[in-house]
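Hi,

Here is the structure I promised to pass on. Have a look at it first, and my notes follow below.

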Amino acid sequence: MPTAEHLILRELLAHEPEWVSGTALAAKLGVSRVAVWQHMEKLRAAGFRFEAQRARGYRVIARPGTLYAPLIETQLKVRPRHFSLSVLDEIDSTNDEAARELTAGRPAPFAVLARRQTRGRGRFGRVWHSESPANLYASFGFRPRVDPGRMQTFTLWMGVNLCELLANFAQVTPGIKWPNDILFDGRKAGGMLTEARVDADEIRDLVFGLGLNVNRPAHGWPADLGRRAVSLEEVAGAPLDLNRLAAALIGRVLLAYEAFVDGEHLKTFADLWHRYDVLRGQPIALLEGGRRHHGVVTGLDDEGALLLRDEAGRGQRFRAGEVTLEKDQRGGSDQSHRKE
């Protein structure tokens, strides 16, 4: 149910950068001018700045630099039935919160976003630095009811969709490193983590999480991340509108999920993977269960396994593992951020 703040934002954004009269807003909401002013004060407290002139009304001159649910919801272009959004000030982990919400019976699909995580995590339980409210920490809850065998390419499919979104939204050139990292010129901007609960022979609950460095932290990166992490702002050359990006990303994830469940992703997955894959043709080291393998990546198979030609020319197939580019002198690939 839209709130008064939703309706006011909808009018202001629809007419941006023109003016919207206070009288028109009052009529739209069915309230007094004083009530409109009170709602505008709430929006100011959330980080909006407005220009106001007598006889002309209001117009937006600045938006919040941190996540604000009504603004994200107002800009959503994709909203499936029963979809809901939560924006939290702080949480241990958005993935853990989404899993708890699924267990509690919250209707799916839904998204949980947070301005800060205290226990953000990536693959193998690694810590994901989640201190900056200028970044995006998000998890989605689904109930797909599909065969577990179909999920092998799910994270890969979501990853190429995120790359496509970022390329179009910010006019940048991202790449995906199997199985879960979003990179720019070898530096990590984001990662994904998919977690599922299996009931008999189907996936009952599915959580898809992602962490994305959007705008550079105010005090810069921690010393241990400085050479390995990068933000979209640094790549694009200007700060990004965090809430507009969040709305676009939510829409893309929801559409990508529907395409995956319906099997429609098979039409475009191979082409998208080829477009954004940073490993194909590259010499790598792959750590699997304590064993290190070396070779050149030749692609993926139909189940999302990484194909490697080893130093003896033999083909090998890996469904899991940690990959490091042999020429990458910055260190391991999944040590600076989040999620499978």
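**Sheet and helix notes**

Arg309 stands opposite Gly315 in β13. Four bridges link β12 (residues 306-310) with β13, and the two run antiparallel; strands here are DSSP E runs of at least two residues, helices are H or I runs of at least four, all numbered from the N terminus, and two strands pair if DSSP finds at least two bridges between them. The β12 and β13 hairpin has four residues between its strands, and Gly313 there takes a positive phi near 85°.

Before going on: this is a predicted model, with local features needing pLDDT of at least 70 and side-chain atom pairs counting only at pLDDT 80 or more, while totals for chains, interfaces and linings use all residues. Residues are numbered from 1 along each chain as its sequence is written, and side-chain values use heavy atoms, leaving out hydrogens and water.

Both strands belong to an open five-stranded sheet with antiparallel pairing, ordered β13-β12-β11-β10-β14. β13 (315-318) and β14 (322-325) are at the edges with a single partner strand each, so one side of each has no neighbour in the sheet. Further in, six bridges join β10 (residues 283-288) to β11 (residues 291-300), with Pro283 opposite Val296 in β11.

Then the helices: α1 (residues 4-15) packs on α3 (residues 33-45) at about 85°, axes 10 Å apart (axes are lines fitted to C-alpha atoms over the stretch in contact, angles run from 0 to 180 degrees between N-to-C directions). That makes them roughly perpendicular, because 65 to 115 degrees counts as such.

Cheers

Notes:
Parallel < 35°, antiparallel > 145°, perpendicular 65-115°, else oblique.
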